[in-house]
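Please look over the sequence and the model before turning to the points below.

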Amino acid sequence: MQELGRAEHTSVRVTPKGKDQVVIEKDLSSEEMILNMGPQHPSTHGVLRLECKTDGEVVIEAEPYLGYLHRCFEKHAEMVDYPGIVPFVDRMDYLASMNSDFAFCIAVEKLLDIEIPRRIEFIRVIVSEFNRIASHLVAIGTYAIDLGAFTPFLFCFRDREHMLSLLEWTSGARMLYNYILIGGVAYDFPEGFKERALEFVGYFRPKALELQKLLTENEIFVKRTKGVGIMPADVAVNYGWSGPMLRGSGVRWDLRRMDGYSIYPELDFKVCVPDGRFSDIGDSLSRHLVRAMEIEESLNIIEQCLDRMPEEEGFDPKAAIPKRIRPKAGEVYGRAENPRGELGFYIQSDGKSTKPLRCKARSSCFVNLSAMKELSRGQLIPDLVSIIGSIDIVLGEVDR
Amino acid sequence: MNASLNAWSDALSELHLLGLPVGLVVIAAVPLVFIALYALTYGVYGERKISAFMQDRLGPMEVGKWGILQTLADILKLLQKEDIVNKSADKFLFVIGPGILFVGAFLAFAVLPFGPAFIGADLNVGLFYAIGIVALEVVGILAAGWGSNNKWALYGAIRSVAQIVSYEIPAAIAILCGTMMAGTLSMQQFNLLQQGEYGFLHFFLFQNPIAWLPFLIYFIASLAETNRAPFDIPEAESELVAGYFTEYTGMKFAVIFLAEYGSMFMVSAILSIVFLGGWNSPLPNIGPLSLNDWTTGPVWGAFWIVMKGFFFIFVQMWLRWTLPRLRVDQLMHLCWKVLTPFAFVAFVLIAVWEIYVK
Amino acid sequence: MGLLDAKISKHNVLVTSVDNVMNWARLSSLWPMGFGLACCAIEMMATNASNYDLERFGIFPRASPRQSDLMIVAGTVTMKMAERVVRLYEQMPEPRYVLSMGSCSNCGGPYWKHGYHVLKGVDRIIPVDVYVPGCPPRPESLIGGLMKIQELIRMEQIGISRAEALKKLEEKSMDPSQLIQEARKSAKAS
Amino acid sequence: MGETQENTSQLPEVIEAKAVWAVLKEKFGDAVSEFDENPTMPFFEVLEPERWLDIALFMRDSPKLRFTYMACLSGVDYPEEKKLGIVCNLESLGELGHKIAVKVRCEREGGVISSVARVWKTAEWHEREAFDMYGMTFSNHPDLRRILCPEDWEGYPLRKDYEVQETYHGIKVPE
């Protein structure tokens, strides 16, 4: 490399359009500043801490520091018996407890090798799809706040509240349900659930459209997100991205389709990927669009499930729950599609105790966030915020 | 006509009670009382209520009837708070910053005509003075941000200075367009020139086919000058915690807060004076219905200018609660590559119109 | 006790009415710090959002600790976070209040026994005024907790300490079982 | 291959995984253990932890295998055998679709496993987490620090014989 001289400072910045912009500042010694973002910062979505090396507004490198919400899930999983783990799973990804429980129960049921009644499967899919919409709404709302739009956030929370009340009606809790149990669910749907759920779907469709008009079609929003934080598909796979993040990079990969667990193979839904007309594939906008489209698909799934769900008089949702959950010795890796990606559980059982020997949660946010360092390189501070928002982290799941 | 209007204020200013110039005090005090009332309660309260209305909420409800005492409670509380000055802060700058901001924002009110009779000082360079004094805020912001010795505050201050200084240019050129139409810099003269029996048709916005362009440019630039969304990057909550006032507590913070609302009204008032006739009634005389005459007068004048100011503040709030925030470079792009060239174009076109067509 | 203290502690008319106004101002504009830690933070956000709308009471979250009066510790405090919580508390100007929201910050919650990295109660590091139980507490109970803080502020006066105010509040508060019984009686009567 | 009649009852996933294992066994010989036909998670073990990186690179790049996606990497403690280990769940995402799990073990005290953070970026943070929780080192890891616990935390929490420290920076830790 050519010697530039002491007083000359060169910085190269990749502009959103991909053209390299070389700035030569003469006779100006520009120092790097360490900017500490978080753990208490409005846009780190909880207690993430980013240590940014900045040169003016340009972030040279942002190093994430985790563990501010490390609640020792894996230790607890080794200390309590299988049904007792479910509440801890709830508290891991607190925005999508149903989906997390679902993933955990899939893993344990695979190990136990038990058959689940068909109605239970429908109930599980319906509640977890409701929770997926709720979770995506929070993701979209907080993303809007990150970009300075306050109203969409409140619209999202307003509509989320309806879903919470539906789920509360079913399970008795607003956020952390402990509803999906190993081998069953805690309660059957209450009387009239179907009507109210359908009513909600009818109410929510136009509201989702309104949200889209307010936020996604806003030119400033598009300007702030398009071309920001582009992640090519192969790198995304190498980083282990999954869920909306990976689909945002254009990979048509959804565990609901690929693994085909539960009753998803019978259902008709699209795996949403951006088509590249509105966004650059792999940028923040694509990830946002995937979430917006998935809300639509989840509504379709709910409608189909409500339609096809077998009605049974005097149905006991706890009938299939084993009396004593003590799996035979073995190992399992079970996973399901969480709103944030693949949530997997690696469980090791020794066959003797009712507690797992080892239970590791493969958290989707943890993996998605690991690309932060690479994504943030050479971005502006506002873009950094935009990227963190589009990753949609839940610190409870990152740190476990 | 002018004479009759001024006669009213002259008569008032000569009103002496017990040898005291009560009339003069009233003339000077009414705008100030208005400022205090407006800035202290209705600006902040209105913003909270309007945002609540847009977001399906209620807004302040419990403090006083419909929460109208909310802002008063806020100010009283901020007065009681501990006043923290950082150990490592530059104490002089830290203290002087909010002062400059507040004084800068409210000094401009001196030349603001609140009606045919109410004006603090009818300077012959009133408009120039107003723009200049509003721009003084930059110094206060920089002092506040630098003095805080906080990285977020520094970022906020630097962003803010870059933004305000840049947006001065299109704003000033847009105002110059208005000045060319009027041929004066006196605020009161602007109003008098836009008077007439056809109401709004006499406003400069409708007097010239190109006038909407500087009007729009000034409105956008004024958003940036007062750090309102979508240009609120200096205090971007999600990026910079609270921008240049991150470190301020108690009353200093309240002062900054109020200064913001003061300058919001100021730019709205300038906009309405230059392009929308200030205190003139927009209603025209239609045959026997002489609406314009009925709605003209000292009290009506104050009413109209306040209403026009409120309208623009409402639009500012509306935008704030609808739009996301621009990025720093996009903001500069908008200023230098869009607004400034268009402002020049408008300037030339209006000059041509004024000289050759009119 | 000095002469001035003695004068003030007698609660004369002047002092009490100033107190009332000042307390009214403080309790009507409690600005919490927008400080979310875990699950409870989502419920706190839901309480701020349209359906529960804390702004009705003038409660309006601020991002900077310097401009906030109230710290809602919403969620699990871990060992790594503990020192940051203390620092944030110290950055807040007096008078400041702390509301511990949810079981985790009250006492460690479900992480009490095996949570090696979880702080068993935020009151081990900072003084807490009001505890709100629940995992997570519903928005209604958070609002209830905030009302309790407002009551506490109402009890404060020039010349009496926070501890005394808390004691006064305790004396004033009713036994919940009594309340329930009363409600039952009235229900039966109707 | 005398178990052809048993293969019919096996799950397709296990059969696929076995084919993968056969390729690896042929290439690496003794470094790869026998195949475990676990119906819920078929796996094999890498017997020589220092060759794990070569195997990983081969698994990712060989056109027959193409394991592009690392789903999970979990640290495991085996107190009876005085060993620590990792379990990696790999998948050929979007290409061949097969899955397999790999186990690598090392000594409990001062054990070293070669890092695969260069092969799959996912492994970088997962290995840091395994180091944080179990204390095995990963050779040639780009940035091996504790990730979840604070830097000055004592002990490795997920080891079976872990004892919680009494105080941390003057704050009482246990109940």
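What pLDDT does chain B average? Chain B averages a pLDDT of 79, where pLDDT is the predictor's confidence in each residue, from 0 to 100. This is a predicted model, in which local features need pLDDT of at least 70, side-chain atom pairs count only at pLDDT 80 or more, and totals for chains, interfaces and linings use all residues. Residues are numbered from 1 along each chain as its sequence is written, while chains are lettered from A and ligands numbered from 1 in the order in which they are written.

**Confidence in chain B**

- In chain B, 85% of the residues score at least 70.
- The pLDDT is below 50 over residues 1-5 of chain B, and this stretch has 3 contacts in the model beyond near neighbours in sequence; two residues are in contact if their C-beta atoms, placed from the backbone, lie within 7 Å.
- Where pLDDT is low, the predicted coordinates should not be read in detail.

**Chain A as a whole**

- Chain A has 15 helices and 11 strands; helices (H or I, at least four residues) and strands (E, at least two) are DSSP runs, numbered from the N terminus.
- The radius of gyration of chain A is 23 Å, close to the 21 Å that the globule rule gives for 400 residues, so chain A is as compact as a globular protein of that length. The radius is taken over C-alpha atoms, and the globule rule is 2.2 Å times the number of residues to the power 0.38.
- The C-alpha trace of chain A spans about 80 × 50 × 35 Å along its principal axes.
- Of the 400 residues in chain A, 57% are buried. A residue is buried if 20 or more other C-beta atoms lie within 10 Å of its own, exposed if 12 or fewer, and partly exposed in between, with C-beta atoms placed from the backbone.
- Residues at least 24 apart make up 69% of the contacts in chain A between residues at least 6 apart in sequence.

**Domains of chain A**

- Chain A is divided into domain 1 (9-65) and domain 2 (73-399), with bounds that come from an automatic or database domain assignment.
- The centres of domain 1 and domain 2 of chain A, taken over C-alpha atoms, are separated by 32 Å.
- Between these domains of chain A, 18 residues of domain 1 are in contact with 19 residues of domain 2.
- On the side of domain 1 of chain A that touches domain 2, β1 (9-14) and β5 (58-65) of chain A are the elements that give two or more residues. The largest share, 6 residues, comes from β5(A).
- By class, that side of domain 1 of chain A has 9 nonpolar, 4 polar and 5 charged residues. Ala, Val, Leu, Ile, Met, Phe, Trp, Tyr, Cys and Pro count as nonpolar, Asp, Glu, Lys and Arg as charged, and the others, Gly among them, as polar.

**Helix α2 of chain A**

- In α2(A), 8 of the 11 residues are buried, so this helix is largely enclosed by the rest of the structure.
- Among the buried residues of α2(A) are A:Tyr82, A:Ile85, A:Phe88 and A:Met92.
- The buried residues of α2(A) pack against α1, α3 (97-112), β6 (180-181), β10 (358-362) and α15 (395-399) of chain A, together with α3 (39-48) of chain C.

**Chain B and the nonpolar cores**

- Chain B has 15 helices and 2 strands, and 53% of its 358 residues count as buried.
- The largest nonpolar core has 314 residues, of which B:Ala174, C:Val73 and C:Leu99 touch the most other members. Such a core is a set of buried Ala, Val, Leu, Ile, Met, Phe, Trp, Tyr and Cys residues joined through C-beta atoms within 7 Å.
- Helix α12 (residues 250-276) of chain B gives the most to this core, with 19 residues.
- Beyond its neighbours within four places in sequence, B:Ala174 has contacts that include B:Pro214, B:Tyr218 and B:Ala343.

**Contacts with chain C**

- The contact between chains A and C takes 27 residues from chain A and 31 residues from chain C.
- The largest share of the chain A side, 4 residues, comes from α5(A).
- The contact between chains B and C takes 29 residues from chain B and 18 residues from chain C.
- On the chain B side, α3(B) gives the most, with 6 residues.
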